[in-house]
Amino acid sequence: MNTTYEYAGVILNAKMVETFIPKLLKSNELKKREDIIELVREYHISNGGANQTKTSLVSAVKNGLESLRKKGILEKPLEGFYKKIIEDQELERVELNSSKDKEIEKKECIYIYYAKKDKLEAQKKEIDSWVCKIIYEKKLTIDKIFRLFSKEYSDQYELAFVLKTEKAEQLTTTILDILKLRGRNSDLFNQGFETSPQELKEIIKFIGAKIETFIEITNE
């Protein structure tokens, strides 16, 4: 059993399953919906998730698949079949297991993190946003940020992604300004906004900033 699994002991809903369905599928592999439901069930139970009725699980997976399709992560070439799309690599994307050691020395960067309990509460309510912190960092190396979130902060917080760019401070300000214009509820003292990692990635792409490295964290 995976003791770090965030849905241990929890009944799955659509918002939850869509966070891990993509990592259960291989890019461009056509998969039958019933097989995906079984993959989700096995993954969830083997990691300590709660048993739930077949009707409840089927509904969660169906809705999660459709949400991922609308977001462009999956496509549905045939009725009842799904395929993970190979993403357009506009940003260099590196997936890291939190146990791996990765050294990136440039100091100025932006990192996004959130409280695990806030994300879980949002998913239980089946809403897409929760408080995320957007931090401009000029002192710590990216490697040290990883270490903080894999050790000292690992019980309460989750690191969503880190990026480095020539104008990190300016990009941070622009992201915050766009969130304000969109009317996102904010905690400006703590640099927190009601948003999501997905929305923040979309904003960064919209701005068109020159990104040197984009590192998205996945906890296997």
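Gln123 is in contact with Tyr7, Asn13, Lys15, Met16 and Thr19, leaving aside neighbours within four places in sequence. The model described here is predicted. Gln123 lies in helix α4, which covers residues 116–124. Its chain has 220 residues, of which 42% are buried, and its secondary structure comes to 7 helices and 10 strands. Among contacts with a separation of 6 or more, 73% are between residues 24 or more positions apart.

- The side chain of Gln123 forms a polar contact of 2.6 Å with the side chain of Tyr7.
- Lys119 is also found in helix α4, and at 7% relative accessibility Lys119 is buried.
- The side chain of Lys119 makes a polar contact of 3.4 Å with the side chain of Glu6.
- Not counting residues up to four places away in sequence, Lys119 touches Glu6, Tyr7, Thr19, Tyr114, Trp130 and Glu158.
- Lys119 and Val131 are separated by 12 residues in sequence, and their C-alpha atoms are 7.9 Å apart.
- Glu126 is in the loop between α4 and β6.
- Glu126 has a positive phi of about 60 degrees, although it is not a glycine.
- With a relative accessible area of 45%, Glu126 is partly exposed.

**Helix α1**

- Helix α1 runs over residues 14–24 and is mostly covered, with 8 of its 11 residues buried.
- Those buried residues are Ala14, Lys15, Met16, Val17, Glu18, Phe20, Ile21 and Pro22.
- The buried residues of α1 pack against α2, α3, β2 (74–78), β3 and α4.
- At the start of α1, a side-chain oxygen of Asn13 comes to within 3.1 Å of the backbone nitrogen of Lys15.

**Lys84 in strand β3**

- Lys84 lies in strand β3, residues 81–84.
- The relative accessible area of Lys84 is 17%, and Lys84 is therefore buried, the limit being under 20%.
- The side chain of Lys84 reaches the backbone oxygen of Pro22 at 2.9 Å.
- A polar atom of the Lys84 side chain also lies 2.9 Å from the backbone oxygen of Leu25.
- Leaving out residues up to four places away in sequence, Lys84 touches Pro22, Leu25, Lys26, Ser27, Asn28, Glu29, Ile73 and Leu74.

**Nonpolar cores**

- In soluble globular proteins, nonpolar side chains tend to be buried together.
- The largest nonpolar core here has 22 residues, and those with the most contacts inside it are Ile112, Ile134, Phe161, Leu163 and Leu200.
- Two or more residues of this core come from each of β5 (109–115), β6 (130–137), β7 (157–165), α6 (168–181), α7 (197–207) and β10 (211–217).
- Helix α6 gives the most to this core, with 6 residues.
- Ile112 is in contact with Cys132, Lys133, Ile134, Glu158, Leu159, Ala160, Phe161 and Leu200, leaving aside its neighbours within four places in sequence.
- A second, separate core has 20 residues, including Tyr5, Leu25, Tyr43 and Tyr82.
- Leu25, which belongs to this second core, also has its backbone oxygen 2.9 Å from a polar side-chain atom of Lys84.

**The second largest pocket**

- The volume of the second largest pocket is about 200 Å³.
- Its lining is made up of Glu34, Ile37, Glu38, Arg41, His44, Ile45, Ala50, Asn51, Gln52, Lys54, Leu57 and Val58.
- Helices α2 (33–46) and α3 (54–70) each supply at least two residues of this lining.
- Helix α2 gives the most to the lining, with 6 residues.
- By class, the lining has 5 nonpolar, 3 polar and 4 charged residues.
- Helices α2 and α3, which contribute to this pocket, are among the elements that the buried residues of α1 pack against.

Note on methods:
Residues numbered from 1 in each chain as written. Predicted model: local features only at pLDDT ≥ 70, side-chain atom pairs only at ≥ 80, totals over all residues. Heavy atoms only, no water. 1 Å grid on protein atoms, 1.4 Å probe; cavity = no way out; pocket = protein on both sides within 12 Å on 5 of 7 lines; lining within 4 Å. Points joined across faces, edges and corners; volume = space filled by probe spheres on them. Helix = DSSP H or I, 4+ residues; strand = E, 2+ residues; numbered from the N terminus. Nonpolar A, V, L, I, M, F, W, Y, C, P; charged D, E, K, R; others polar. Buried < 20%, exposed > 50% of the residue type's maximum accessible area, 1.4 Å probe, protein only. Polar contact = N/O pair within 3.5 Å; in protein donor to acceptor, adjacent residues only side chain to side chain. Contact = heavy atoms within 4.5 Å. Core = buried A, V, L, I, M, F, W, Y, C linked by side-chain atoms within 4.5 Å.
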